[in-house]
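Visitor: I would like a close look at one part of a structure. Please put it on the screen first.

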Amino acid sequence: MSKEFDHRREIIVHGLKMNSSGLSQGTSGNLSVRWSDGMLVTPSGIAYDALQPEDIVFMKLDGSFDHPLAPSSEWRFHRDIYVARPEVNAVVHAHPTHCTALAIQGMEIPAVHYMIASAGGPSIRCASYHTYGTEALSVAAIAALENRSGCLLAHHGMIATGANMAKAMWLAVEMEALAHLYILALQLGKPRILPDEEIARVVAKFAHYGLRERA
Ligand SMILES: [Zn+2]
């Protein structure tokens, strides 16, 4: 089987995982992988358990595609992330409950736990609200992703990126766990925040090992 076919299958496998892990429901999330001079992205409005590898849409970075199915309605920020961030090879977008609850309030996730470093810095920012699928949303998301591999989207959900699909999906799960912890901690009082120097140390430690695994 070709490498392209493997990527198409990988997108479906991770889409199913996204649903079974509770990150997403039905057709609300979308996934992509950088491929050739463009990306492979989930089509619009088809449940992951009904997707076949050939249903994944190849879209060039100029936004053109030649496929009977339409790409995800959120293709624009996927495409714009690949253009803006050469180190990113996979993008996961979903509306998981805890990330989205914070995003409804326009709240970022601060350094309440050292694992915040998995997103590259001492916070996970929340991009301002813009209608889904628009260029304005894409611009806001890319600004919120500066020096980070993940962000929240106000009144919408979250984005996680990575050097490959496994890493992007791992970060998506980690972000939802952090959001859940932060919401619980808020109920106990004012959450205590780790200093920026400590998060910088953990970011360096993760980079040193080339892995972003739990210590
Ligand atoms: Zn969405």
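Visitor: In what order do the elements of the protein chain run from the N terminus on? Then take me to the metal: which residues coordinate the zinc ion?

Guide: Start with a caution: this is a predicted model, where local features need pLDDT of at least 70, side-chain atom pairs count only at pLDDT 80 or more, and totals for chains, interfaces and linings use all residues. Residues are numbered from 1 along each chain as its sequence is written, and side-chain values use heavy atoms, with hydrogens and water left out.

Now the order. From the N terminus on, the elements run α-β-β-β-α-β-α-β-α-β-β-α-α. That makes six helices and seven strands. Both are DSSP runs, numbered from the N terminus: helices are H or I with at least four residues, strands are E with at least two.

Next, the metal. His93, His95 and His156 coordinate the zinc ion, each through its NE2 atom, at 2.1 Å. Donors here are N, O and S atoms within 2.8 Å of the metal, or 3.2 Å for Na, K and Ca. Water is not among the atoms, so sites may look incomplete.

Look at the spacing of the donor residues in sequence: H-x1-H-x60-H. His95 and His156 link distant parts of the chain, 61 residues apart. His95 sits in the loop between β4 (90-94) and α3 (97-104). His156 sits in the loop between β6 (150-153) and β7 (157-162).

Are these two buried or exposed? His95 counts as partly exposed, because its relative accessibility is 27%. His156 is buried, because its relative accessible area is 9%. The cut-offs are simple: buried is under 20% relative accessible area, exposed is over 50%, and partly exposed lies in between (1.4 Å probe, protein chains only).

His155 has a positive phi of about 55°, although it is not a glycine. Most residues other than glycine have a negative phi. Ser36 is another case, with a positive phi of about 50° and no glycine there either. Ser36 lies in the loop between β1 (30-35) and β2 (38-41). At 60% relative accessibility, Ser36 counts as exposed.

Finally, step back to the whole chain. Of its 215 residues, 46% count as buried. Take the contacts with a separation of 6 or more: residues 24 or more positions apart account for 63% of them. Contact means heavy atoms within 4.5 Å.
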